[in-house]
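I opened the notebook to look up a few features of this model. The entries follow in the order in which I made them.

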Number of protein chains: 2
Amino acid sequence: MPAIHLQKISTRAPKGLNKEKIKAKTTKLLEELDDLQNLLYAESKHAVLVVVQGMDGSGKDGLVRDVFGKLNPQGVQVRSYKVPTAEELAHDFLWRIHEHAPAKGMIQIFNRSHYEDIIVTRVHKWCNDKQAKERMKAINDFEELLAKHNGTHILKFYLHLSPEEQQIRLQERIKDPKKQWKYNEKDFEEAKLWKNYMKMYEDCFNHCNKQPWKIIPADQNWYKDHLITTALHSLLKGLNMQYPGLKK
Amino acid sequence: MPAIHLQKISTRAPKGLNKEKIKAKTTKLLEELDDLQNLLYAESKHAVLVVVQGMDGSGKDGLVRDVFGKLNPQGVQVRSYKVPTAEELAHDFLWRIHEHAPAKGMIQIFNRSHYEDIIVTRVHKWCNDKQAKERMKAINDFEELLAKHNGTHILKFYLHLSPEEQQIRLQERIKDPKKQWKYNEKDFEEAKLWKNYMKMYEDCFNHCNKQPWKIIPADQNWYKDHLITTALHSLLKGLNMQYPGLKK
């Protein structure tokens with residue numbers, strides 16, 4: 001697989017796409033997804049793990065609300081990973097992750113994930129290159145465990161935002177009373193480390209890609225939501241699931 | 001490392017050992033272990049995982065009571081693994097194991113473990129050779145994760161019992177009112193599969209030995225207890241732990 005260079009990938013939808021048509025398509029796909037998710041739950045042969053990563057302001061929370069929030073919560077669980085607790089830090093970095101791995105029949109969303117342990121930690125040099133390489137191997141082994149030993153399909157999305165759009169969104173958090181609770185002075189400090197973040201993300205994509213990453217242009221939420229809905233829809237559609245019928 | 005052949009390894013203590021002297025030594029080591037375990041807890045740099053496997057009647061429960069039961073329960077946790085629940089079966093086979101991986105500062109005992117997934121399952125052909133090989137790889141990766149990413153020291157003990165001694169102990173379960181609750185008709189059926197069990201254990205020792213197995217002669221409990229106490233004692237002693245002093 002050729003190396004991923006984020007600078008060469010657009011953060012916007014291709015020109016000429018009709019926003020309203022795309023949104024209508026997304027709505028239709030979400031309706032179908034509701035059925036597919038029910039089938040996934042009924043059949044209980046496959047598990048789905050959706051990993052969502054992206055810079056501050058890239059729309060992770062919005063994605064959870066506007067896409068995954070449309071599905072039956074009985075079959076969809078969301079886990080948002082924050083700074084590790086003392087108890088979590090007293091274990092290996094995948095301990096808190098494994099706990100929330102999806103059971104067969106379930107869709108599990110990780111809003112941030114084990115990938116923070118080779119991104120933010122490297123940018124701030126809490127983790128050196130050698131440790132990062134060891135963590136990447138552990139991550140690859142772990143994802144293989146989920147895939148091979150529990151029929152888990154892993155979708156990994158990077159919400160690819162431009163630094164300019166990020167600035168606009170961070171500023172909105174200051175002005176919009178509904179968004180002020182999200183404002184964090186430190187986000188502007190982190191934004192200055194943009195290039196370093198991109199470097200660490202690229203390194204991650206190129207070393208942890210056996211379960212492949214999808215780079216999602218994220219400057220426009222309608223396009224981002226569409227791509228992710230489509231990806232989940234075509235994954236489930238491709239599983240050729242069957243309702244199990246009456247138990248014998 | 002040369003392959004392990006269980007038939008070539010004695011299930012009894014070497015002749016000439018003085019049982020009473022050995023028991024006195026064990027008692028002394030256990031007293032010292034109490035201090036060492038306190039130091040492990042205070043320092044909280046290392047974690048210890050003790051995996052105990054063995055045939056029915058090999059003395060796993062007795063070991064937990066007579067050796068680990070002597071230590072401060074605040075720093076020692078025991079997890080006995082039984083037949084997996086429906087929820088456990090809906091996850092990869094290491095999910096229920098990882099949950100109980102020890103935090104730094106703790107000693108975790110597994111009375112039976114993830115190794116059942118390549119022993120009893122293979123004997124009964126619920127798991128074929130290809131799956132077993134994949135599970136062995138997953139186990140090796142998992143133990144590497146614990147060792148490398150959380151400073152976990154893994155002691156793996158196989159309680160090596162003779163089939164003759166097993167028969168004696170299973171018969172005792174019928175006669176002794178204090179042991180009758182342990183009696184299970186099926187144990188005699190399992191005992192007939194002895195050779196097959198030994199073959200699967202040997203395969204396991206030879207493929208999952210990066211964190212090495214210790215084969216413990218188990219026909220005499222005093223000797224078994226002594227060897228395991230000694231192994232844990234010398235592990236902790238060798239860590240050169242220090243009380244951390246006053247927090248700065």
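I call a residue buried under 20% relative accessible area, exposed over 50%, and partly exposed in between, with a 1.4 Å probe and protein chains only. This is a predicted model, in which local features need pLDDT of at least 70, side-chain atom pairs count only at pLDDT 80 or more, and totals for chains, interfaces and linings use all residues. Residues are numbered from 1 along each chain as its sequence is written, chains are lettered from A and ligands numbered from 1 in the order in which they are written, and side-chain values use heavy atoms, with hydrogens and water left out.

**Entry: helix α10 of chain B**

I took helices (H or I, at least four residues) and strands (E, at least two) as DSSP runs, numbered from the N terminus. Helix α10 of chain B covers residues 221-237, 17 residues in all. From first C-alpha to last, α10(B) reaches 24 Å, close to the 24 Å expected at 1.5 Å a residue. That expected span is 1.5 Å times one less than the number of residues.

I then asked how many residues of α10(B) are buried. Twelve of the 17 are, so α10(B) is largely enclosed by the rest of the structure. Among them I noted B:W222, B:Y223, B:H226, B:I228, B:L232 and B:L236. Charged side chains are on the list too, including B:K224 and B:D225.

What covers these buried residues? I counted contact as heavy atoms within 4.5 Å. The cover includes helices α1 (19-43) and α2 (60-66) of chain B. It also includes strands β1 (47-54), β3 (107-111), β4 (152-160) and β5 (213-217) of chain B.

**Entry: α1 against α10**

Two packed helices are described by the angle between their axes and the distance between the axes. I used axes fitted as lines to C-alpha atoms, for helices over the stretch in contact, with angles from 0 to 180 degrees between N-to-C directions. In chain B, α1 and α10 pack at about 35 degrees, with their axes 9 Å apart. Their crossing is left-handed, that is, the near helix is turned anticlockwise from the far one by less than a right angle.

From α1(B), the residues that meet α10(B) include B:I22, B:L29, B:L33, B:L36 and B:L40. From α10(B), they include B:W222, B:H226, B:T229, B:H233 and B:L236. By class, I found nine nonpolar, six polar and six charged residues in this contact. Here Ala, Val, Leu, Ile, Met, Phe, Trp, Tyr, Cys and Pro count as nonpolar, Asp, Glu, Lys and Arg as charged, and the others, Gly among them, as polar.

The axes of α1(A) and α10(A) come within 9 Å and cross at roughly 35 degrees. α1(A) passes α10(A) in a left-handed crossing.

**Entry: the two chains**

I noted the superposition, done by least squares on the C-alpha atoms of residues with pLDDT of at least 70 in both copies. Chain A can be laid on chain B with an RMSD of 0.0 Å by a turn of 180 degrees and a shift of 0.0 Å along the axis. That is the relation of a two-fold axis. The same surface serves both copies, as 100% of the contact residues of chain A recur in chain B.

**Entry: single residues**

B:T121 is found in helix α5 (residues 120-123) of chain B. B:T121 counts as buried, at 11% relative accessibility. Beyond four places in sequence, B:T121 is in contact with B:E116, B:W126, B:C127 and B:R135.

A:K125 has a positive phi of about 60 degrees although it is not a glycine. A:K125 is found in the loop between α5 and α6 of chain A, exposed at 68%.
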